[in-house]
Structure formats: C-alpha cells, structure tokens
Amino acid sequence: MTEGTTSAAAEGGDTLTRLEQEGEIAADYLEGLLDIADLDGDIDMDVEADRAAVSIISDSSSRDLQKLVGRDGEVLEALQELTRLAVHRETGDRSRLMLDIAGFRAKKRSELAELGAKAAAEVKSTGQPLKLDPMTPFERKVVHDAIAAAGLRSESEGEEPQRFVVVLPA
C-alpha cells in the first residue's frame with residue numbers, strides 16, 4: 001500500500017469509529033428519554049451513507065411510539081434535532097445523525113422515492129419542468145436522489161419552510 005492509500009483507509013476507519021460513537025451517544029440519550037416517558041422501545045444503531053442512523057423500534061404496539069413521531073413527523077424532527085444537540089454537546093462536532101421511530105422515516109423514504117420516480121417519468125414524457133409541493137430537507141434529499149437515479153436533474157427553490165423540488169427535463 002502507498003502512504004496515500006494507508007492514510008485514506010485510516011481516515012475511513014476514523015470516520016466509521018466517530019459515527020459509531022455518535023450512534024452510541026444518541027442511543028444513550030434516547031434510552032433516557034424513553035425511560036422518562038415510560039415508553040418501551042429498542043434502539044438500533046447503524047451507519048448509512050456517512051451518517052449515524054439510530055432507530056427506535058418496538059415489538060409491542062407501535063401506537064406508543066407514534067407519540068414520538070407526531071403529526072407528519074414533526075415530533076420526530078424535533079427529537080432528531082435534540083439528539084443531534086446531545087451528540088454535539090458530548091463530541092463538540094456537528095452531527096448529521098438520522099433518527100427513525102417506528103419505521104416512520106423508512107416508510108416515508110419509500111413513498112418519496114416513488115414520488116420522485118413518477119415525477120421524473122412525467123417530465124420525461126412532457127419535456128416540461130415540474131414543481132413539487134414544499135418539503136422538508138430530508139424529503140427533498142430523497143426526491144433528488146430518486147430523480148437522479150431516473151437520469152434527470154432537479155433543483156430546490158424557495159425559502160424554508162416553503163422550499164420545493166423542481167424536476168428539470170434532460
């Protein structure tokens with residue numbers, strides 16, 4: 001191995017270790033939250049796309065965990081920000097951690113990928129740009145990825161919270 005390859009491999013290992021540490025800090029924080037709220041849930045940690053990913057899942061009725069998701073994921077978004085702040089407080093580094101509760105975000109990701117694919121198909125057939133409804137940053141990212149996978153370009157326009165995706169013809 002060359003020196004550049006060795007340092008790149010070490011850097012990749014350092015990144016993985018840092019992301020695993022973020023996940024563990026987040027898991028500890030969320031376990032404390034579940035205890036305070038007297039809710040049952042298991043914490044699952046992973047690293048996906050250079051981000052720590054933490055999920056709260058439950059074998060019992062996920063109805064209790066729905067309280068932590070809220071309407072349209074609003075409580076989930078707030079808990080994600082609080083969890084990121086807890087990680088930041090411990091590490092001193094900004095976290096891009098993703099939180100999922102009761103599979104809400106995974107289901108939403110699937111729905112948004114389908115929306116992006118349908119929008120791309122419509123733009124391919126009409127040749128006209130298509131503006132989608134306003135979305136959160138997470139939602140826009142999933143849609144942008146689906147549109148890119150379909151071979152088209154997309155852009156975000158507008159100001160938060162009314163920022164939306166525009167699908168552009170090839």
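I take helices and strands as DSSP runs, numbered from the N terminus. The model I am reading is predicted.

**Entry 1: backbone, first loop**

I looked up aspartate 38, which sits in the loop between α1 (3–37) and β1 (42–48). Its phi is positive, about 55°, although the residue is not a glycine. I noted this because most residues other than glycine have a negative phi. Is aspartate 38 buried or exposed? I count aspartate 38 as exposed because its relative accessibility is 69%, and the cut-off for exposed is over 50%.

I then went to alanine 49, in the loop between β1 and β2 (51–57). Alanine 49 also has a positive phi, near 50°, and is not a glycine. With a relative accessible area of 71%, alanine 49 is exposed.

**Entry 2: a cis bond**

Which peptide bond is cis, with omega near 0°? I found it from glutamate 160 to proline 161. I logged it because most peptide bonds are trans. Proline 161 belongs to the loop between β5 (153–157) and β6 (164–168).

**Entry 3: nonpolar cores**

I listed the largest nonpolar core and got 17 residues, of which Ile56, Leu68, Leu99 and Ile101 touch the most other members. At least two residues of this core come from each of α1, β2, α2 (63–69), α3 (74–91) and β3 (98–101). The most come from α1, which gives 4 residues. There is a second, separate core of 15 residues, and I noted Ala120, Val143, Leu152 and Val165 among them.

I went back to isoleucine 101 for its contacts. Leaving out residues up to four places away in sequence, isoleucine 101 touches Ile56, Leu65, Leu68, Val69, Leu76 and Leu79.

**Entry 4: helix α5**

I checked the span of α5, residues 137–149. Its 13 residues reach 18 Å from the first C-alpha to the last, close to the 18 Å expected at 1.5 Å a residue.

Which residues of α5 are buried? I wrote down Phe138, Glu139, Arg140, Val142, Val143, His144, Ala146 and Ile147.

Last, I looked past the end of the helix. Glycine 151 follows α5, and its phi is positive, near 90°.

Note on methods: Residues numbered from 1 in each chain as written. Predicted model: local features only at pLDDT ≥ 70, side-chain atom pairs only at ≥ 80, totals over all residues. Heavy atoms only, no water. Buried < 20%, exposed > 50% of the residue type's maximum accessible area, 1.4 Å probe, protein only. Core = buried A, V, L, I, M, F, W, Y, C linked by side-chain atoms within 4.5 Å. Contact = heavy atoms within 4.5 Å. Expected span 1.5 Å × (residues − 1).
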